Amino acid sequence: MSEAKDIVGINRALARYIDGVNQRDADLWATSWDKDAEWYLFGPDTVVGRDAIVAAWLDAMAGFPFVVMHGTQGDVVVDGDTATGRSYSSELARTVDGQRLRVMGQYDDRYRKRDGVWAFSYRRFTMLDTEEC
């Protein structure tokens, strides 16, 4: 597969992640993750394994009845069936108590291709800025 096709596959993983958030679709969101993935959201521990990651995401999303996420793919370096890269997010959210938030963040990512499909093998979120709206 050419590097261009790999980049498209990686961008599709990011698209599934973002669309899963915006649609509140855990099944779709789960497809963006490799089965052995690791997710470091705010710590202190990394969540390991797709099932545990989805459970943690569902728990986190319960606190936000409204979220819209926009994402931008940063640089990606492909090395065979693995890759590293960054992406950036802008989110508008409302908490269960009605607080409105705007969050800007950076993800440091690793990707794995299994059976021809790219997914996240590791994501680490860093908040760049946040504000109440």
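Which side chain meets Arg102 in a salt bridge? I looked this up before anything else, and I record that the model is predicted.

**Entry 1: Arg102 and its partner**

I found that the side chain of Arg102 meets that of Glu131 in a salt bridge, with 3.2 Å from N to O. Arg102 lies in strand 5 and Glu131 in strand 6, so the pair links distant parts of the chain, 29 residues apart, where a salt bridge requires a Lys or Arg side-chain nitrogen within 4 Å of an Asp or Glu carboxyl oxygen. Arg102 has 39% relative accessibility and counts as partly exposed. Glu131 is also partly exposed, with a relative accessible area of 40%.

**Entry 2: Other salt bridges**

I noted the general principle that side chains of opposite charge can pair when their charged atoms come close. The count for this structure comes to seven salt bridges.

One of them joins Arg114 to Asp34, whose closest N and O atoms are 2.5 Å apart. This pair links distant parts of the chain, with Arg114 in strand 5 and Asp34 in strand 1 (residues 33–40), 80 residues apart. Is Asp34 buried or exposed? I found Asp34 to be buried, because its relative accessible area is 4% and buried means under 20%. Arg114, at 31% relative accessibility, counts as partly exposed.

Asp109 forms a salt bridge with Arg123, and the closest N and O atoms are 2.7 Å apart. Asp109 belongs to strand 5 and Arg123 to strand 6, 14 residues apart. Asp109 is buried, with a relative accessible area of 4%. Arg123 counts as buried at 0% relative accessibility. I also noted that salt bridges with shared partners join Asp34, Asp36, Arg112 and Arg114 into one network.

**Entry 3: The cavity**

Rolling a probe the size of a water molecule over the atoms shows where empty space is left. The structure holds one cavity of 30 Å³ or more, and about 30 Å³ of space lies in the largest cavity. Its lining is formed by Leu14, Tyr17, Ile18, Met69, Gly71, Ser87, Tyr88, Ser89, Tyr107 and Arg123. Helix 1 (3–23), strand 3 (66–79) and strand 4 (82–94) are the elements that give two or more residues to this lining. By class, I recorded six nonpolar residues, three polar and one charged. Arg123, listed in this lining, is the partner of Asp109 in the salt bridge recorded above.

**Entry 4: The largest pocket**

How many Å³ does the volume of the largest pocket come to? I recorded a volume of about 480 Å³. The pocket is lined by 22 residues, and Leu41, Phe42, Ala60, Phe64 and Glu91 are the closest to its centre. Two or more lining residues come from each of helix 1, helix 3, strand 3, strand 4, strand 5 and strand 6 (117–132). Helix 3 gives the most, with four residues. The lining has 20 nonpolar residues, one polar and one charged.

**Entry 5: A surface patch and a loop residue**

Met104 is found in strand 5 (residues 100–114) and is partly exposed, with a relative accessible area of 35%.

Lastly, I looked up Gly63, which is found in the loop between helix 3 (50–61) and strand 3. At 26% relative accessibility, Gly63 counts as partly exposed. Gly63 and Ala4 are 59 residues apart in sequence and 38 Å apart in space, C-alpha to C-alpha.

Key: Residues numbered from 1 in each chain as written. Predicted model: local features only at pLDDT ≥ 70, side-chain atom pairs only at ≥ 80, totals over all residues. Heavy atoms only, no water. Buried < 20%, exposed > 50% of the residue type's maximum accessible area, 1.4 Å probe, protein only. 1 Å grid on protein atoms, 1.4 Å probe; cavity = no way out; pocket = protein on both sides within 12 Å on 5 of 7 lines; lining within 4 Å. Points joined across faces, edges and corners; volume = space filled by probe spheres on them. Nonpolar A, V, L, I, M, F, W, Y, C, P; charged D, E, K, R; others polar.
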